[in-house]
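Look at the structure first, then read on.

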Amino acid sequence: MAYWLMKSEPNVFSFDDMMAKTQRGEPESWHGVRNYAARNNMRAMQIGDEAFFYHSNIGKEIVGIIRVIALAHPDDTAELNAKGEVVWECVDVEAVKPLAKPVTLATIKATPELANLELVTLSRLSVSKVSPEEWALVCQMGGL
């Protein structure tokens with residue numbers, strides 16, 4: 001299993017929104033990503049991989065865990081390129097559980113063991129990798 005971090009602005013789509021969709025049995029397509037590195041990260045995801053759900057801009061904190069339930073597929077919100085192809089892709093995800101205690105960006109930056117977390121080193125990337133060691137530490141910090 002690989003681990004990831006996926007960002008969303010909570011005023012657009014929050015972890016509570018994700019939980020509600022999962023409870024209704026509705027998967028969420030992680031669409032709208034328009035960065036090649038983030039897209040390539042989604043292409044690398046496998047079913048069952050887990051990701052932190054990060055509230056960006058407002059809150060700036062990891063608030064929950066989501067799971068990949070469908071492999072990368074064309075993003076239906078993307079326009080076709082000049083060749084008539086869809087360049088952008090997305091994965092489908094579902095909520096797993098909220099963190100008992102959100103882990104803020106300030107706390108992450110103040111934790112030396114998380115200095116290489118891509119959330120810190122590649123802060124503009126909306127879908128990033130998380131090492132197993134980083135995953136375990138953030139889960140512990142979040143009360144899991």
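Is Asp75 buried or exposed? Asp75 is buried, with a relative accessible area of 1%. Keep in mind that this is a predicted model.

## Arg34 and Asp75

Asp75 has a charged partner. Arg34 forms a salt bridge with Asp75, and their closest N and O atoms are 3.0 Å apart. Arg34 sits in the loop between strand 2 (28-29) and helix 2 (36-44), while Asp75 sits in the loop between strand 4 (61-74) and strand 5 (89-104), so the pair ties together parts that are 41 residues apart in sequence.

Arg34 is partly exposed, at 37% relative accessible area. Asp75, as noted, is buried.

## Arg43 and Glu89

Now turn to another pair. A salt bridge joins the side chains of Arg43 and Glu89, at 3.0 Å from N to O. Arg43 belongs to helix 2 and Glu89 to strand 5, so this pair ties together parts 46 residues apart in sequence.

Arg43 is partly exposed, with a relative accessible area of 41%. Glu89 counts as buried, at 17%.

Glu50 forms a salt bridge with Arg67, with 3.8 Å between the closest N and O atoms. The pair links distant parts of the chain: Glu50 is in strand 3 (residues 50-55) and Arg67 is in strand 4, 17 residues apart. Glu50 counts as buried at 15% relative accessibility. Arg67 is partly exposed at 27%.

Notes
Residues numbered from 1 in each chain as written. Predicted model: local features only at pLDDT ≥ 70, side-chain atom pairs only at ≥ 80, totals over all residues. Heavy atoms only, no water. Salt bridge = Lys/Arg side-chain N within 4 Å of Asp/Glu carboxyl O. Helix = DSSP H or I, 4+ residues; strand = E, 2+ residues; numbered from the N terminus. Buried < 20%, exposed > 50% of the residue type's maximum accessible area, 1.4 Å probe, protein only.
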